[in-house]
Amino acid sequence: MIKQLFINLGRLLMLGVWGILLLNLFHPFPSPLKYFMHVAMVFMFFMHGLQLMMLKSTLPKDGPKLTGWQEFTIFVFGVFELLAWQQKNNNK
């Protein structure tokens with residue numbers, strides 16, 4: 001119960017971070033901050049893409065495949081979605 005609450009709070013936090021990073025693209029922040037936000041967005045894309053690639057490479061070939069929606073949510077929410085996915089698979 002508590003673990004699920006923290007996972008959902010983490011998802012909400014990640015949505016906020018993505019929102020701020022995307023806001024910077026459409027309404028740039030003042031000069032020194034906008035460059036930091038660009039670097040942070042590239043880092044987020046890279047790290048979440050790397051997490052998704054590592055997860056896909058460790059899945060068994062004969063096991064269940066990830067759907068497009070699952071891949072998208074793992075990319076957006078990162079480790080919080082991985083924790084939820086792991087918890088769901090452990091309960092089966």
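A search of the whole structure, which is a predicted model, finds 2 salt bridges. In one of them, the side chains of Arg11 and Glu81 meet with an N to O distance of 3.1 Å. Arg11 belongs to helix α1 and Glu81 to helix α4, so this pair ties together parts of the chain that are 70 residues apart in sequence. Both Arg11 and Glu81 are buried. In the other, Lys56 pairs with Glu71, the closest N and O atoms being 3.3 Å apart; here the link runs between distant parts of the chain, from helix α2, which holds Lys56, to helix α3, which holds Glu71, across 15 residues. Lys56 counts as partly exposed because its relative accessibility is 42%, and Glu71, at 23% relative accessibility, also counts as partly exposed.

Within α4, Glu81, Ala84 and Trp85 are buried. Viewed down the helix axis, the buried residues of α4 fall within an arc of 100 degrees, so they line one face of the helix. These buried residues pack against α1, α2 and α3.

The largest nonpolar core consists of 10 residues, namely Met14, Trp18, Leu21, Met37, Ala40, Met41, Met44, Phe75, Val76 and Phe77. The elements that supply two or more residues to this core are α1 (2-26), α2 (31-58) and α3 (68-77), with the largest share, 4 residues, coming from α2. Apart from this core lies another, of 6 residues, among them Leu52, Leu55, Leu59 and Trp85. Trp85 is also one of the buried residues of α4.

Around Met37, a member of the largest core, the contacts beyond four places in sequence are with Ile20, Leu21, Asn24 and Phe29. Of these, Asn24 is found in helix α1 and, at 1% relative accessibility, counts as buried, because residues under 20% are classed in this way. A polar atom of the Asn24 side chain lies 3.0 Å from the backbone nitrogen of Phe29, and the side chain of Asn24 also reaches the backbone oxygen of Lys34 at 3.4 Å. When neighbours within four places in sequence are left aside, Asn24 is in contact with Phe29, Lys34, Met37 and His38.

Technical notes:
Residues are numbered from 1 along each chain as its sequence is written. This is a predicted model: local features need pLDDT of at least 70, side-chain atom pairs count only at pLDDT 80 or more; totals for chains, interfaces and linings use all residues. Side-chain values use heavy atoms; hydrogens and water are left out. A nonpolar core is a set of buried Ala, Val, Leu, Ile, Met, Phe, Trp, Tyr and Cys residues joined through side-chain atoms within 4.5 Å. Buried means under 20% relative accessible area, exposed over 50%, partly exposed in between (1.4 Å probe, protein chains only). Contact means heavy atoms within 4.5 Å. A polar contact is a pair of N or O atoms within 3.5 Å; within protein, one must be able to donate a hydrogen and the other to accept it, and residues adjacent in sequence count only if both atoms are side-chain atoms. The arc is that of the directions from the helix axis to the C-beta atoms. A salt bridge is a side-chain nitrogen of Lys or Arg within 4 Å of a carboxyl oxygen of Asp or Glu.
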